[in-house]
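Today I am opening my notebook on a new structure. I want to look up its marked site and then its aromatic rings.

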There are 2 protein chains.
Amino acid sequence: MPAVPAPAAAAPPSRSSAAALGPVTPQSMDFDEPLPLRSGASLRRYRLAYETYGELNAARSNAVLVCHALNASHHVAGTYAGQPKSEGWWDNLVGPGKPLDTRRFFVIGVNNPGSCFGSTGPMDANPDDPEGRPYGADFPVVQVEDWVDAQARLLDRLGIGRLAAVLGGSLGGMQALGWAMRHPERLGHCIAVATAPNLSAQNIAFNEVARRAIVTDPDFHGGHFYAHGVVPRRGLRVARMIGHITYLSDDAMEAKFGRDMIAAAPRYSTQEIEFQIESYLRHQGDKFSDYFDANTYLLITRALDYFDPARAHGGSLTAAFASARCRFQIVSFTTDWRFSPQRSREIVKALLDNRLAVSYAEIDAPHGHDAFLLDDPRYHAVLRAYFDRVGQEIGA
Amino acid sequence: MPAVPAPAAAAPPSRSSAAALGPVTPQSMDFDEPLPLRSGASLRRYRLAYETYGELNAARSNAVLVCHALNASHHVAGTYAGQPKSEGWWDNLVGPGKPLDTRRFFVIGVNNPGSCFGSTGPMDANPDDPEGRPYGADFPVVQVEDWVDAQARLLDRLGIGRLAAVLGGSLGGMQALGWAMRHPERLGHCIAVATAPNLSAQNIAFNEVARRAIVTDPDFHGGHFYAHGVVPRRGLRVARMIGHITYLSDDAMEAKFGRDMIAAAPRYSTQEIEFQIESYLRHQGDKFSDYFDANTYLLITRALDYFDPARAHGGSLTAAFASARCRFQIVSFTTDWRFSPQRSREIVKALLDNRLAVSYAEIDAPHGHDAFLLDDPRYHAVLRAYFDRVGQEIGA
């Protein structure tokens with residue numbers, strides 16, 4: 001399948017009218033009925049943090065759910081009042097005049113259970129613990145389908161029966177696919193970017209090394225480190241460094257850092273920083289260990305490992321999509337070696353086998369897996385055009 | 001450049017006569033004169049562990065030096081008496097009737113200084129320490145060129161003025177290239193397999209994550225853990241797991257492990273083993289942490305990082321090879337994503353720029369970087385043919 005050509009114009013006309021979202025405000029919703037989980041366990045009660053941008057129209061037909069990946073949250077777009085640098089993680093895509101235009105769509109971001117940004121997660125009190133101690137490592141294993149169900153319940157509460165579209169990248173893309181299979185009557189379109197129908201052995205291997213780094217950090221204390229007043233920072237740093245290597249393409253890393261050293265002459269040290277790439281990775285690791293919860297890292301990488309909709313259908317992805325009814329836009333990036341275009345093509349094939357409507361864009365971009373978060377003009381042009389058609393369909 | 005076709009016959013005739021080497025015996029040589037290092041430091045005195053296979057001919061013209069990579073040693077081939085499973089790391093290549101035939105060649109394996117298998121390394125007493133404590137993290141940074149010089153001194157002592165050939169894979173290939181540049185008058189042929197003219201940013205990144213895992217293990221004690229009676233096992237395990245992922249191709253890992261689980265039903269755990277690939281990696285990490293020295297891991301990965309012969313020549317690899325006089329066989333493997341064929345082609349180009357004689361074989365093999373240690377028939381046929389010509393040249 002050919003790569004998507006560059007758009008003829010430097011930027012679509014509507015782009016010039018892109019404006020910032022006004023200050024956004026996180027919200028939350030409490031659920032007292034248990035959430036049954038695919039593992040057989042359940043979440044007794046839980047809170048979901050979410051944000052919305054734009055206005056729900058009178059027909060309640062213009063809602064778009066945006067699903068987040070490993071280290072993101074419900075804060076998809078906009079900034080918080082008084083915090084000018086607090087842009088949401090997909091702010092370049094979502095806003096007034098942007099490809100997912102909040103003047104036309106009512107956009108919803110939800111933090112998934114098990115995460116550490118406001119929805120119920122391992123740092124919260126375990127209702128089954130008589131002393132109300134945090135879940136820690138006892139937080140139940142959550143899977144992509146569980147998140148989809150939790151998101152569906154939030155939509156019920158918000159009075160949204162049907163979504164115009166679900167959008168997600170990477171692990172968020174898996175949730176979008178999960179929506180199409182699990183709640184086919186509740187969405188018109190599924191847009192899945194830089195994702196895969198399941199993890200490869202190599203993907204699982206990287207996750208496992210990261211988890212071992214965390215779990216074997218003496219400050220992990222079997223996942224109950226909160227009570228010890230410590231954080232398994234060493235493990236989190238190593239986990240994030242590994243992750244970062246897999247998010248960037250070999251070429252992008254070479255172009256950005258190459259073999260550049262931090263000083264004119266080598267220091268000849270095995271422990272001091274010598275190369276720029278080392279400095280960059282250590283910085284990323286340090287930052288991450290300041291804000292991310294170790295138990296959440298374990299849970300979310302496991303959700304990635306477990307995702308495998310074909311498994312319940314004898315390994316047939318085609319059979320897994322038999323229930324789907326919506327239309328699809330699948331996007332991959334040529335240099336993404338984490339979830340390569342080949343993995344997206346597997347999805348496309350399974351959808352076509354089911355005679356479902358699918359557009360596929362393989363974007364020639366140098367940035368590897370991270371490309372799905374970046375402002376690549378060809379990529380954004382594809383999503384802009386797609387959402388434009390979705391908007392026309394619903395009269396938004 | 002085309003991949004090497006499969007040989008017409010299943011195996012060359014001489015292969016049927018391949019026999020096991022008799023029991024081999026490690027030897028060692030002590031050096032009292034200091035070894036000046038490229039960093040400006042020096043190794044005051046040192047011991048080199050080595051092994052030899054076959055017989056040095058009367059003309060002393062049939063010696064072949066085999067250089068080892070990260071976790072190997074001087075024990076290249078054969079077994080130790082009474083230890084039937086103690087085959088050397090390149091036993092499938094080196095022996096009577098094997099591609100590097102010990103009936104024709106006198107083969108030498110040397111353990112490099114800084115390693116942990118018999119040559120002077122971080123576990124040995126530091127002669128500058130008044131109490132004779134181990135070097136630990138104070139062992140000086142050693143580079144590929146330092147190892148080449150140490151190997152050259154061993155050859156002086158063995159009365160070998162000139163090598164028929166130097167052979168190495170991966171980091172060993174860098175040493176082979178170093179020989180060609182540094183002692184051009186002392187070798188007839190350089191065979192460099194699955195190697196690179198320097199590490200890419202991504203290569204350095206993986207090394208750095210592995211080092212951080214070791215250095216931040218509380219049992220590392222700043223590199224002086226020997227005095228504490230502990231070993232930074234957690235860090236070594238993670239380091240080895242990361243390494244293993246980069247040694248195998250994505251496809252080979254998929255073919256060998258895929259998404260196979262260790263039990264019929266999922267356990268739904270973030271810390272227990274769930275997938276076969278996890279079990280394999282943990283096992284590799286455990287084994288490695290039982291025998292490998294943490295300070296050696298730091299030193300050897302740094303030697304990889306620093307290797308960059310073009311650097312002293314304004315970035316020109318062609319200029320770096322201007323001193324070379326020998327003939328070259330360069331080999332790469334299509335699925336090696338650690339040191340890809342592209343990196344070998346850079347070497348080939350620099351050699352051709354210097355009008356040096358070079359054969360290049362790009363072997364279509366599924367096993368990734370590890371292929372250089374495996375018994376691939378096309379790969380071994382290339383080396384067999386090359387060493388056959390070397391043998392004919394010297395009348396061996």
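I start with a rule: I call it a contact when heavy atoms lie within 4.5 Å. I am working with a predicted model, in which local features need pLDDT of at least 70 and side-chain atom pairs count only at pLDDT 80 or more, while totals for chains, interfaces and linings use all residues. Residues are numbered from 1 along each chain as its sequence is written, chains are lettered from A and ligands numbered from 1 in the order in which they are written, and side-chain values use heavy atoms, with hydrogens and water left out.

**Entry one: the marked site.** Which residues does UniProt list as "active site"? The unreviewed entry gives Ser170(A), Asp336(A) and His369(A); such annotations may be inferred rather than shown by experiment, and the positions follow the numbering used here, with feature names shortened. They span 200 residues in sequence, yet no two of their C-alpha atoms are more than 10.7 Å apart, so they gather at one spot.

I looked up Ser170(A) and found it in the loop between β9 (163–169) and α2 (171–182) of chain A. (Helices, H or I with at least four residues, and strands, E with at least two, are DSSP runs numbered from the N terminus.) Is Ser170(A) buried or exposed? Ser170(A) is buried, at 4% relative accessible area; buried means under 20%, exposed over 50% and partly exposed in between, with a 1.4 Å probe and protein chains only. Leaving out residues up to four places away in sequence, Ser170(A) touches, among others, Ala69(A), Arg338(A), Phe339(A) and His369(A).

Asp336(A) sits in the loop between β11 (327–333) and α9 (341–353) of chain A. Asp336(A) is buried too, with a relative accessible area of 1%. Beyond four places in sequence, its contacts include Ala194(A) and His369(A).

**Entry two: the rings.** I counted 42 aromatic pairs over all chains. In one of them, the ring centres of Phe225(A) and Tyr226(A) are 4.3 Å apart and the planes meet at 45 degrees, so the pair is tilted. (Rings of Phe, Tyr and Trp, using its six-membered ring, pair if their centres lie within 6.5 Å; planes under 30 degrees apart are stacked, over 60 edge-to-face and the rest tilted.) Phe225(A) is buried at 2%, whereas Tyr226(A) is partly exposed at 23%.

In chain B, Trp90(B) and Phe372(B) pair edge-to-face, with 5.9 Å between centres and 85 degrees between planes. Both Trp90(B) and Phe372(B) are buried.
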